Amino acid sequence: MRFRPLLALVLALCLTLVSACSGGAKAVDRANLTYEDIHNTGLANDCPTLPDSARGTISLDPSATYQLKEICMHPSEVFVKGEPANKRQEAQFVAGKILTRYTSSLDQVYGDLKVSGDKLTFKELGGIDFQPITVLMPGGEEVPFMFSSKELKASATGTAFSTSTDLKGEYRAPSYRTSNFLDPKGRGLTTGYSSAVGLVPAGDEFAGETVKRYVDGSGTMDLSITKVDPSTGEFAGVFTAIQPSDTDMGTKAVVDVKITGELYGRLEQV
């Protein structure tokens, strides 16, 4: 009886050491998993990874045609630019909590990669290249936005694809709302009421949230390659994107959103 507290302490210490040495969750190869293994687990939202030893270089032939395929971008952190505390300070990005659980990643994105002189140019052509995401700010405000890589045109210096490749460019951020969306007062662009029920705007100064319109935005993206496997053409790294938030069909002030996360893809000659 006297040794029970000591035994419990020893067991707790052993479990702690085992948990610490396990290193947390391990990367899982989705290719070897079935639908039942992935369904409702969140694994489909993760991007594949490469080992730290993947530090190679892929030489590119200017006369050949290449594509970047199976590009996956998994947002890990989202920051929203807030209002400065006073006029002397600049607006700062504030970290928010991602509320969207299993559908925040872009996946199977592809596009052409061309070599011209000492410059690489990437043009995005398609894939699952947009996802609606909502983040919760420290003050309780929810900020929605449409994370996208649509029509991305990015370039980098160099004649090879390596761990020093840094593709930067602009892309289109589509509207978070579509023309058929109705706000809480039943107002929309192509459906619903033209104004709140019982209230008719007397002029442009009272239009406010009543006049809906489809508004596209534009963002900038930086794809930084940190791992390359020449034998398979796979690459991995990190990305940073800055784009506008939702405008509620052009009736709400827009704020800048910065998204950072993991990057994966595959280079292939076509």
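Predicted model: local features only at pLDDT ≥ 70, side-chain atom pairs only at ≥ 80, totals over all residues.
Residues are numbered from 1 along each chain as its sequence is written, and side-chain values use heavy atoms, with hydrogens and water left out.

**Overall make-up.** I took helices (H or I, at least four residues) and strands (E, at least two) as DSSP runs numbered from the N terminus, and on that basis the protein chain has two helices and 13 strands. I then looked up contacts, meaning heavy atoms within 4.5 Å; among those between residues at least 6 apart in sequence, 66% join residues at least 24 apart.

**Strand β7.** I turned to residues 142–148, where six of the seven residues of β7 are buried, so the strand is largely enclosed by the rest of the structure. Two strands pair if DSSP finds at least two bridges between them, and β7 pairs with β6 (residues 130–136) in the antiparallel sense over seven bridges. Within this pairing I found Phe145 of β7 as the bridge partner of Ile133. The hairpin of the two strands has five residues between them, and Gly140 there takes a positive phi near 100 degrees.

**Second largest pocket.** I used a 1 Å grid over the protein atoms alone, where a pocket is an open set of points with protein on both sides within 12 Å along at least five of seven lines, and lining residues have an atom within 4 Å of a point. The volume, which is the space filled by probe spheres set on the points, these being joined across faces, edges and corners, is about 240 Å³ for the second largest pocket. Its lining holds 16 residues, and Val80, Lys81, Glu141, Val143 and Val255 lie nearest the centre. Both β2 (66–81) and β7 supply at least two residues of this lining, and β7 gives the most, with three. Counting Ala, Val, Leu, Ile, Met, Phe, Trp, Tyr, Cys and Pro as nonpolar, Asp, Glu, Lys and Arg as charged, and the others, Gly among them, as polar, I recorded eight nonpolar, two polar and six charged lining residues.

**Lys150.** This residue is found in strand β8 (residues 150–157), and I noted that Lys150 counts as buried because its relative accessibility is 18%. Its side chain makes a polar contact with the side chain of Asp129 at 3.2 Å, where such a contact is a pair of N or O atoms within 3.5 Å, one able to donate a hydrogen and the other to accept it within protein, and residues adjacent in sequence count only if both atoms are side-chain atoms. Leaving out residues up to four places away in sequence, Lys150 touches Glu124, Asp129, Phe130, Tyr171, Arg172 and Pro174.

Glu70, in strand β2, has phi near 55 degrees and is partly exposed at 27% relative accessibility. Met249, in the loop between β12 (234–244) and β13 (256–269), has phi near 60 degrees and is buried at 2% relative accessibility.

Conventions:
Buried < 20%, exposed > 50% of the residue type's maximum accessible area, 1.4 Å probe, protein only. 1 Å grid on protein atoms, 1.4 Å probe; cavity = no way out; pocket = protein on both sides within 12 Å on 5 of 7 lines; lining within 4 Å.
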